[in-house]
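I opened this entry to keep a record of what I looked up in one model, item by item. The sequence and the coordinates come before my notes.

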Amino acid sequence: MYIYPVSIPAEKYNHEWGTIMAKEFIRLRDCTMVFDDDVVLNKINLTIKDNEFLTLLGPSGCGKTTTLRIIGGFVKPTSGDVFFNGVRINDVPPHKRTVNTVFQKYALFPHLNVYENIAFGLRIKPRGKAAMKNGHEGRRLSKDEIHSRVMEMLEVVSLKGFEYRDVTSLSGGQQQRVAIARALVNRPKVLLLDEPLGALDLRLRKDMQIELKRIQEATGITFIYVTHDQEEALSMSDTVVVMDGGVIQQIGTPEDIYNEPVNAFVADFIGESNIVDGIMVEDGVVEIFGKKFACLDEGFDPMEPVDVVIRPEDVDIVDIKDGMLTGTVTNITFKGVHYDVIVDFKGFKWLIQTTDYCPANSRIGIKIDPDGIHVMKKSVYSGMYGDYSSYSAEYEDISDADLEPEETVSEDERYET
Ligand SMILES: Nc1ncnc2c1ncn2[C@@H]1O[C@H](COP(=O)(O)OP(=O)(O)OP(=O)(O)O)[C@@H](O)[C@H]1O
Ligand SMILES: [Mg+2]
């Protein structure tokens, strides 16, 4: 569903929404932000394309909101530049940036109904030369124009028929959609969304994720979305920007980020992963726990120490005599579709997801196909993640006190030659 062509003349549509599609739109160049001697953003470089759904993802305090505020013009970077369509806009104030923002705590006007909440933005639209330069019409909209824009927005956010409802009588998800309609009605080129679904329960969050993606596709507006929820980021975005400690760790499609994490932080933050020390023997061969495994990675130095990430779903449990490695099951948990199995390999615990039941204390073999192994350069994050006994909150109670460690070791050794 394309909403804008309805009320924007074809030439303008082509110019504003069509022909610049997929071109560079916003660029942050070496943006650094320092608060009270604290470097909270460190030389951020980021290009955002027109019509893109880009998500800033990372743990609390990593600098997501600060990045968004720099794009919105609410704060100026301590150093570095911000460009919109190739023009440096460091000194352009927020209301002249054709950017709108939806925050986690969106404040609807409780005394206005749904219609008036959405129309409000049109009645206070910036006017004059500066506004025109930034894509606003710079003239007073007629009552009919306001009406058609509000109705258009109600359709975009699937709230047709709700126009005269009191906003306080709406559900959380409906209120959130009014907030989005209100932010979109001015036809910003960019919508900044800072954890807008944070206050909603899980079910509503999931529904709204689908809804937001649909709205973004229908309007063609660039969405810059902030979340610390990796699943949300993967399911909605064209591009995910993973941040930690004020530094961009990786930029890529959801598939890239999941399948080809650049370091142990990204591998750990996105999905579940087993991260172990390895040695890159040569192109296509990596050594883990003293055993050689075929992999698809290349371009490392011979015998370079590396981090190896293996996703829990990429490990096959096999008969002990066929195993590339052998270990002992310390815990098994039914998860509905699969079992989460914790397996101890010489004191290092892996998470394996499988549909096969294997009882606690049993000894198993594992096989990993070459494409299930991903090799990463060593980084400051090496050694911090990967062992399920040391960091996973869900499995923190797991202890192998009821096992006999010495026997485990000797069994491992027996199958290891
Ligand atoms: N105005 C400010 N003055 C001082 N420090 C600030 C200011 N704004 C942000 N910070 C600090 O900058 C760091 C990054 O903050 P930011 O709000 O960008 O993080 P975030 O990634 O959005 O985190 P969260 O997920 O918790 O919202 C934090 O340590 C924060 O305390
Ligand atoms: Mg934040």
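**Notebook: overall make-up**

I began with burial and found that buried residues make up 35% of the 417 residues in the protein; a residue is called buried if 20 or more other C-beta atoms lie within 10 Å of its own, exposed if 12 or fewer, and partly exposed in between, with C-beta atoms placed from the backbone. This is a predicted model, in which local features need pLDDT of at least 70 and side-chain atom pairs count only at pLDDT 80 or more, whereas totals for chains, interfaces and linings use all residues. Residues are numbered from 1 along each chain as its sequence is written, while chains are lettered from A and ligands numbered from 1 in the order in which they are written.

I then listed the secondary structure, which comes to 11 helices and 20 strands; these are DSSP runs numbered from the N terminus, helices being H or I with at least four residues and strands E with at least two. Among contacts between residues at least 6 apart in sequence, 70% join residues at least 24 apart, where a contact requires C-beta atoms, placed from the backbone, within 7 Å.

**Ligand 1**

Which residues surround ligand 1? I noted Phe35, Asp36, Val40, Gly58, Ser60, Gly61, Cys62, Gly63, Lys64, Thr65, Thr66 and His228, a residue being near a molecule if its C-beta atom, placed from the backbone, lies within 6 Å of it. Helix α2 (residues 64-72) gives the most to this shell, with 3 residues. By class I recorded 3 nonpolar, 7 polar and 2 charged residues in the shell, with Ala, Val, Leu, Ile, Met, Phe, Trp, Tyr, Cys and Pro counted as nonpolar, Asp, Glu, Lys and Arg as charged, and the others, Gly among them, as polar.

**The nonpolar core**

Of its 92 residues, Ile118, Met153, Ala181, Leu184, Leu191, Val241 and Val286 touch the most other members. The largest share of this core, 6 residues, comes from α6. The core draws at least three residues from each of domain 1 (4-255) and domain 2 (260-414), bounds that come from an automatic or database domain assignment.

I followed two of the residues named above. Val286, leaving aside its neighbours within four places in sequence, is in contact with Gly278, Ile279, Met280, Val281, Phe293, Cys295, Val306, Val308, Ile373 and Val375.

**Strand pairing**

Strand β14 (residues 304-310) is mostly covered, with 5 of its 7 residues buried. I found that β14 pairs with strand β11 (residues 274-282) in the antiparallel sense over 7 bridges, two strands being paired if DSSP finds at least two bridges between them; Val308 in β14 is the bridge partner of Val276. β14 also pairs with strand β20 (residues 373-377), in the antiparallel sense over 5 bridges, and there Val309 stands opposite His374 in β20.

Strands β17 (residues 339-345) and β18 (residues 348-354) run antiparallel and are joined by 7 bridges, with Gln353 in β18 as the bridge partner of Asp340. These two strands form a hairpin with 2 residues between them, and Lys346 in the turn has a positive phi of about 50°.

**Single residues**

Not counting residues up to four places away in sequence, Val315 touches Ile310, Ile352, Ile366, Ile368 and Gly372; Val315 and Ile352 are 37 residues apart in sequence and 6.2 Å apart in space, C-alpha to C-alpha.

Most residues other than glycine have a negative phi. I therefore marked Asp30 in my notes, which is exposed with 12 other C-beta atoms within 10 Å and has a positive phi of about 50° although it is not a glycine.

Methods: Contact = placed C-beta atoms within 7 Å. Core = buried A, V, L, I, M, F, W, Y, C linked by C-beta atoms within 7 Å.
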